[in-house]
Amino acid sequence: MSEKIDITLTVNGERRELAADSRMTLVDFLRDELKLTGTHIGCEHGVCGACTILVNGEAVRSCLMLAPQADGTSIVTVEGLGPAAGELGPLQRAFRKHHALQCGFCTPGILTTAHALLTQEPDADADRIRDVLSGNICRCTGYLPILQAILEARDSYRERSHATGSP
Ligand code: FES
Ligand code: FES
């Protein structure tokens, strides 16, 4: 039997306090309770990467976490990648420029995965990016423009890294 558990977390910079069903996955919680439907659900068992978000700065598959496990964490979803609501971040702008999406289903997970990588490793080369992207399945197979877009956006992450002095 499931029960409701009070949790407090920060989502895209906003503190949220809610009761979460003890059996609800984090991705369902984000989509159904917080109405953040940018995070997609594909395989529901940790393989496709569509549900990837950042939890305390790490790329995490939100279908593999229960909502109560996110208590006390700081989460960033694809909706939080821009500098302000309705504005695109460097990765999103580069994806648009390079037509790095087709149906777009995998795109939120790829954007969050790439954001985590470039934040931690702003000098990641093409091989490293390919390696990390191997965990995100794009059934439209548009990997080349995806790689080109991430390489272009990398400059923004490098500049930010040099400006703040942190990776
Ligand atoms: S839906 Fe989570 S990895 Fe596929
Ligand atoms: S753009 Fe269609 S699954 Fe990736």
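1. Which residues in H3 meet which residues in H4? Bearing in mind throughout that this is a predicted model, one finds that Ile110, Thr113 and Leu117 are the residues on the H3 side, while H4 contributes Arg128, Ile129, Val132 and Leu133. Sorted by class, the contact of H3 with H4 has 5 nonpolar residues, 1 polar residue and 1 charged residue.

2. The geometry of this pair deserves a word of its own. Two packed helices are described by the angle between their axes and by the distance between those axes. For H3 and helix H4, which covers residues 126-133, the axes come within 10 Å and cross at roughly 135°. H3 and H4 are therefore oblique to each other, and the crossing in which H3 passes H4 is right-handed.

3. H4 also packs against helix H5, which covers residues 143-164, and here the axes come within 11 Å and cross at roughly 125°. H4 and H5 are therefore oblique to each other, and H4 passes H5 in a right-handed crossing. The H4 residues in this contact are Ala126, Ile129, Arg130 and Leu133, and they meet Ile146, Leu147, Ile150 and Leu151 in H5. By class, the contact of H4 with H5 divides into 7 nonpolar residues, no polar ones and 1 charged one.

4. Between the C-alpha atoms of Asp127 and Leu147 the distance is 9.8 Å, although the two are 20 residues apart in sequence.

5. Turning to the sheet, 5 strands form an open arrangement in the order E2-E1-E5-E3-E4, with mixed pairing. Strand E2 (14-21) and strand E4 (58-61) stand at the edges and have a single partner strand each, so one side of each is left without a neighbour in the sheet. On average, and with direction ignored, neighbouring strands of this sheet are turned by 40° against each other.

6. E1 and E2 form a hairpin with 2 residues between them, and Asn12 in the turn has a positive phi of about 50°. With E5, by contrast, E1 pairs in the parallel sense over 2 bridges, and the bridge partner of Val11 in E5 is Ile75.

7. Where does Thr73 lie? Thr73 is in the loop between E4 and strand E5 (74-76), and at 10% relative accessibility it counts as buried. Once its neighbours within four places in sequence are left aside, Thr73 is in contact with Thr8, Leu9, Thr10, Val55 and Asn56.

8. Most residues other than glycine have a negative phi. His99, however, has a positive phi near 50°; its place is in the loop between helix H2 (90-97) and H3, and with a relative accessibility of 62% His99 counts as exposed. Thr141, likewise not a glycine, has a positive phi of about 60°. Thr141 is placed in the loop between H4 and H5, and at 57% relative accessibility it counts as exposed.

Terms used. Residues numbered from 1 in each chain as written. Chains lettered and ligands numbered in written order. Predicted model: local features only at pLDDT ≥ 70, side-chain atom pairs only at ≥ 80, totals over all residues. Heavy atoms only, no water. Pairing = 2+ DSSP bridges. Helix = DSSP H or I, 4+ residues; strand = E, 2+ residues; numbered from the N terminus. Axes fitted to C-alpha atoms, helices over the stretch in contact; angles between N-to-C directions. Parallel < 35°, antiparallel > 145°, perpendicular 65-115°, else oblique. Left-handed = near helix turned anticlockwise from the far one by under 90°. Contact = heavy atoms within 4.5 Å. Nonpolar A, V, L, I, M, F, W, Y, C, P; charged D, E, K, R; others polar. Buried < 20%, exposed > 50% of the residue type's maximum accessible area, 1.4 Å probe, protein only.
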